[in-house]
Amino acid sequence: SALESQTNRRVMLIILAFIILFHLASAILLFVATIHNAWWVVSPPGREVIYSDLWYTCNSTCYIVENSHSTEAVYLQAVQATIILATILCCVSFFVFMLQLFSIQQGERFIFTAAIQLLASLCVMISASIYTAESKNFHADSLKDGSYGSSYIVAWVSFPMTLISGFMYLVLRKRK
């Protein structure tokens, strides 16, 4: 009936809005994790708190992370590359989803969007895992007594979000 059809359309629009907002939230979290300077936090007694991201260590001034350009920094460079790649892939998958939304046939799945989003999720996991395993090797001796910061936590939170949105795209079919 007409009422049932209208209700189905509203439900589909609500689901579509949820998926888009979930994807955008994942992308924002990835941007925050990549840009914000709090992957590692050191609070030396009686001194200013020191924040370190993937590129710089900062308190009132910023310095390049020690050893970030040496041959020992392969792990840090892998973290940098994979978190940037994850952010780019997440954004690309959003645009691919928008293109597929208007171009694929009714009843087809968003496989290409899902594949890109699942790759983004894999990149986030690789980045955060490498940072977890090698974080003590990225910093000068004076900074090794720190702890993981908010950007690190945001990166780990964005992992399941990108993974879930990738699976949502696998399940999702285009409707009328």
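Which backbone oxygen does the side chain of Thr 82 reach? In this predicted model, the side chain of Thr 82 comes to 3.3 Å from the backbone oxygen of Val 79. Thr 82 belongs to helix α2, which covers residues 74-103, and with a relative accessibility of 14% it counts as buried. Leaving aside residues up to four places away in sequence, Thr 82 touches Cys 123, Ile 126 and Ser 127.

Thr 113 and Gly 166 are 53 residues apart in sequence, yet their C-alpha atoms are 7.5 Å apart in space.

Turning to the cysteines, the structure holds one disulfide. It is formed by Cys 58 and Cys 62, whose sulfur atoms are 2.1 Å apart, and the link is right-handed, with 115 degrees about the S-S bond. Cys 58 is buried at 7% relative accessible area, whereas Cys 62 is partly exposed at 48%. Cys 91, by contrast, is in no disulfide, and the nearest cysteine sulfur, that of Cys 90, lies 5.8 Å away. Cys 91 is partly exposed, with a relative accessible area of 21%. Cys 123, the contact partner of Thr 82, is buried at 9% relative accessibility. Its sulfur is too far for a bond, because the closest cysteine sulfur, in Cys 90, is 11 Å away.

Technical notes: Residues numbered from 1 in each chain as written. Predicted model: local features only at pLDDT ≥ 70, side-chain atom pairs only at ≥ 80, totals over all residues. Heavy atoms only, no water. Helix = DSSP H or I, 4+ residues; strand = E, 2+ residues; numbered from the N terminus. Buried < 20%, exposed > 50% of the residue type's maximum accessible area, 1.4 Å probe, protein only. Polar contact = N/O pair within 3.5 Å; in protein donor to acceptor, adjacent residues only side chain to side chain. Contact = heavy atoms within 4.5 Å. Disulfide = S-S within 2.5 Å.
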